[in-house]
Amino acid sequence: MDVSRFSKQRALCLAIGLLLAGAAPAALAQNAAPSPNATINLIRLMVKKGLITQADADGLIAEANAEAAQAQKAQAPSALAANDGAQPGDVRVPYVPQSVRNEIREQVKQEVIAQARSEHWAQPDALPEWLDRIAWSGDIRVRDEGRYFSRSNSPYFIDYAALNRGGPFDVNQIGRGVNPPIANTQQNRPNILSIQAHLGVDVKLGDTITAGIRIGSGNDNNPVSTTQALGGGLAKKNLWLDRAWLRWQPLEWGALTAGRFANPFFATDLIYSPELNFDGIVGQGHWKLASDIEGFANAGVFPIQYAGNDTPSQAFGYQKNRSDQKWLSAVQLGAHWKIDEDMQWSAALAYYYYDKMRGSLSQPCPIYTGINFCSTDDDAPQYMQKGNSVFLLRNIVPDPSSPGNYAQPQLVGLAYDYHLLNLTSQFDFAVGSTPVRVQADYVRNMSYHAKDAFQRYPNGLGQPVNNYEASTAANESGPYKSGPVGWLLRGILGNPSPMKAHDWNVAFGYKYLQPDAVLDGLTDPNFHLGGTNTKGFIVSADYGIAERTWLTARYFNARQVFGPPLSIDVVQLEINSKF
């Protein structure tokens, strides 16, 4: 038996013995008849169950009797001893009313039972104590999605994300019977059945340390979605390491988390996909500003992209790509104001500083000599969707033997930096017994200057190749149009997080994102099928059909802000569960 646990049991038995010392010194005999005293019976049961031995029980009671006798002898007046017929050595026990004895007995019994339950020593078949430090969680979603494109959409949208994934692509072949990757803009895609699943475990390692791991589904390792399309010849589906983190919380008001974890910022889906996780280190704190106002702060650093250590593999050491590591540094300050029982206002101001995300034009690159790399190839974003202004990264030197007909295999990079100022507000209140939530979110890219993208390099190099007002099979033309602003306004009537049968909500929102307001690769992949340069409505409804299970219907109506027409409607029907 564990020594510390046994010591606690002895102490509890001693406390009980002190209460009963004068009344029942022999009541604990092994074969004694049942006692009307519940506490005595409890001690007998502890002996019978082997939690303490009979000798220990008898010894404790004897010791308690001796100490009680000594105390009574020291306190009793000599005149009382002379008049009450007591003999030397007799022990006097003061009278304790029955109601007091009952109250003490019940209190001690409850303390013993509570300790027994918490330490599992009164439940032989109970689970080990260490399992109490583990918390499991998970969710499953089955979705039917329809994607509907307007027949008025332009058919000439180059998919620059696909160009980078499969590239480099020879842009000099455009218009000569070879097309770059072209995005679908006119063919509907109804009834795409998909699933999403997560399974996570959080473990409390000590008083200040917690660890967490979560696995998730997903078609690929993109950062913004864990949706897995069904079908594919009924092939097995993928699992990814979705989260893995350690959290140190030395103070009640502050914690430090490192690894891969959920979005730590107070945010909507304006800037970041709701399924986006962050890699890096973040510190979080909260404190009381007033009796009804709590302030909070979040600050962290997050790696976005590294240059490959050995890239390009065919290059000699002095030709390896430079190491311009791309990081996000972020800080957010905010407060929650509890106005009354049914009303709260939350607001936060954040600054997201993406360092070195902007691409750079390569050094003159003589592809015609047989090399297949240029100096800034690693500036191509590792993940894109659509909308951000991009330019051709490679400064390719024409073949002097055929200056009018040479290969120009290209990758694209971002034309601007992204330093985002973000103001987020949320107001919760109730109309009668029905919750209501209003969200407002605003973002501006403080580093955006349209002319800068056209003046960085001489001879027309490094200029944006997209976000023009018109497009053709050969190129984009017309005036260039972009912008640094985005905003969202949404109202939710009902329970925002339905977890019980008959919980419900309906929501209506409007989102607006200019092309270079935020990084298109981190946005919600459902609205306009991901990216920026989009605006439109979002309508949704949830209804709980059972405990932790609910149905969802959602409709996205979105089109371009600037440039050629691109209207996309998305309809989603889901059944969700969470545990």
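User: Hi! Before we dig in, what pLDDT does the protein chain average?
Analyst: Hello! The model is predicted, and the chain averages a pLDDT of 87, with 82% of the residues scoring at least 70.

User: Where is the pLDDT below 50?
Analyst: Residues 18–30 are such a stretch. In the model, this stretch has 26 contacts beyond near neighbours in sequence. Please be careful there, though: where pLDDT is low, the predicted coordinates should not be read in detail.

User: Got it. On to salt bridges: how many does a search of the whole structure find?
Analyst: That search finds 14. One of them joins Arg214 and Asp242, whose side chains meet at 2.5 Å, N to O.

User: Which parts does that pair tie together?
Analyst: Arg214 sits in strand E4 (residues 209–216) and Asp242 in strand E6 (residues 240–251), so the bridge links parts that are 28 residues apart in sequence.

User: Are Arg214 and Asp242 buried or exposed?
Analyst: Arg214 is buried, at 14% relative accessible area. Asp242 is buried too, with 7% relative accessibility.

User: Which residues are linked in a network of salt bridges?
Analyst: Arg143, Glu145, Arg147, Arg554 and Glu574 are. Within that group, Arg143 bridges to Glu145, with 3.6 Å between the closest N and O atoms. Both Arg143 and Glu145 are buried.

User: Changing topic: where does Lys511 lie?
Analyst: Lys511 is part of strand E20 (residues 504–513). With a relative accessible area of 2%, Lys511 is buried.

User: What does the side chain of Lys511 reach?
Analyst: The Lys511 side chain reaches the backbone oxygen of Asp269, at 3.2 Å.

User: Which residues does Lys511 touch, not counting those up to four places away in sequence?
Analyst: Quite a list! Among them are Asp269, Leu270, Trp487, Leu488, Asp524 and Phe527. Lys511 also touches Thr534, Lys535, Gly536 and Ile538.

Note on methods
Residues numbered from 1 in each chain as written. Predicted model: local features only at pLDDT ≥ 70, side-chain atom pairs only at ≥ 80, totals over all residues. Heavy atoms only, no water. Salt bridge = Lys/Arg side-chain N within 4 Å of Asp/Glu carboxyl O. Buried < 20%, exposed > 50% of the residue type's maximum accessible area, 1.4 Å probe, protein only. Helix = DSSP H or I, 4+ residues; strand = E, 2+ residues; numbered from the N terminus. pLDDT = per-residue confidence, 0-100. Contact = heavy atoms within 4.5 Å. Polar contact = N/O pair within 3.5 Å; in protein donor to acceptor, adjacent residues only side chain to side chain.
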